[in-house]
Amino acid sequence: TMRSSKPQRAVTIYDIARAAQVSPSTVSRALSQPGRLNARTEERIRATALELNYQLNPIARALPTGRTGMLGVLVTDLTNPMFFELVRGADRAAADAGNTMMLSESQESPERELATARRMLPAIDGLILSSSRLSDAQIRELAVTKPVVVINRAVPGVASIVPDVAPGISDCLGRLAAAGHTRIAFVPGPTGSWMSATRAAKIARVAGALGLDLVTLSATEPTLVGGASRAGEVLAAGASAVLAYNDLIAIGLMRAAQTRGLTVPADLSIIGFDNIFGADLTSPELTTIATPLLELGGRAVGELLGLIAEPGRADDTGPERHGATQLIVRGSARL
């Protein structure tokens, strides 16, 4: 006879208790608070649970402890490879600590980001916001409900993980000046991006100190299309080198410049930021200022788990800086 395709009833702690011949409360203790029972009993209960394919329901587990073992990560754009390493670093750190990660995206929309964050909060122990487009006040409001850590953004009163942009920018502009460039351009990212403003300010300071003429162009979306849309402006600026807010803008710009008949880097040097997956797949390969994304993701989870364990730890001592940026020299810039 054909087996019924009806879903099986979920195994409960009562089923395990019956099979292991112990009380349900003993099963509950063995599975939710390891180390409280003698090792042999605990091992027997775990083996029985495994045999019966028992799935611990994170929401049910949250009832006595207030914890679900789930961490939320909200990114602005899943199609941006910048988030690959960041999410991998976060997921690895979460798994190492026995937590599960829930991932969502806001598609660069602050309204969607806020709605998604609010939807995630009841099911998670804490939230990581990466390159958030929310206002400081909105982020602080979320942090009142559950622990929040922000990456690539500094929010007073909220745990913030940001890379140190100085080493990569100083090295890059120093080399441009030494190679004979006198006029450089910067293509900023979105107007609401804290990191874009931070990079722009540092580039302006270093360019000033080196006597380089800097032209800052109008803001654009952090995408290939955004980069391509700034090609005319870059050429009109008369700069021999351009730094883009991120690698996607840089690659979009490179393609558009080549379509217009320019040779990179002979006519125009192009430098990105982040060293995303794919930065070395262009022709020529993209010179970029690398951000230690894997490290930032892992560090954010570590910080979040600390806040979950001790909610009083959040302070407003300003952003923690983690990991220096580093210039990766490839073929797209004359350095």
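A crossover is right-handed if, with the strands pointing away from the viewer, the path from the first strand over the helix to the second runs clockwise. Strand E8 (residues 241-244), helix H12 (residues 247-259) and strand E9 make a β-α-β unit of this right-handed kind. The names follow DSSP runs numbered from the N terminus, where helices are H or I runs of at least four residues and strands are E runs of at least two.

The model is predicted: local features need pLDDT of at least 70, side-chain atom pairs count only at pLDDT 80 or more, and totals for chains, interfaces and linings use all residues. Residues are numbered from 1 along each chain as its sequence is written, and side-chain values use heavy atoms, with hydrogens and water left out.

Strand E9 covers residues 269-274, and six of its six residues are buried, meaning under 20% relative accessible area with a 1.4 Å probe and protein chains only. E8 and E9 pair in the parallel sense over three bridges; two strands count as paired if DSSP finds at least two bridges between them. In this pairing Ala-241 stands opposite Ser-269 in E9. E9 also pairs with strand E10 (residues 287-290), again in the parallel sense, over four bridges. There Phe-273 stands opposite Ile-289 in E10.

Next comes an open sheet of six strands, in the order E2-E1-E3-E4-E5-E11, with parallel pairing. Its edge strands are E2 (100-105) and E11 (320-324), each of which pairs on one side only. From one strand to the next the twist averages 20°. Within the sheet, strand E1 (residues 70-75) and strand E3 (residues 126-130) run parallel and are joined by four bridges. Leu-71 stands opposite Gly-126 in E3. Helix H7 (residues 136-145) packs on the sheet and touches E3 and strand E4 (148-151); the direction of H7 makes about 145° with that of E4. Contact here means heavy atoms within 4.5 Å, and angles run from 0 to 180 degrees between N-to-C directions, with axes fitted to C-alpha atoms, for helices over the stretch in contact.

The last topic is a helix pair. Helix H2 (residues 24-32) packs against helix H3 (residues 39-51) at an angle of about 90°, and their axes are 10 Å apart. H2 is therefore roughly perpendicular to H3, a term for angles of 65 to 115 degrees. From H2, Thr-26, Val-27, Ala-30 and Leu-31 meet Thr-41, Glu-42, Ile-45, Arg-46 and Ala-49 in H3. By class, this contact has five nonpolar, two polar and two charged residues. Ala, Val, Leu, Ile, Met, Phe, Trp, Tyr, Cys and Pro count as nonpolar, Asp, Glu, Lys and Arg as charged, and the others, Gly among them, as polar.

Terms used
Parallel < 35°, antiparallel > 145°, perpendicular 65-115°, else oblique. Buried < 20%, exposed > 50% of the residue type's maximum accessible area, 1.4 Å probe, protein only.
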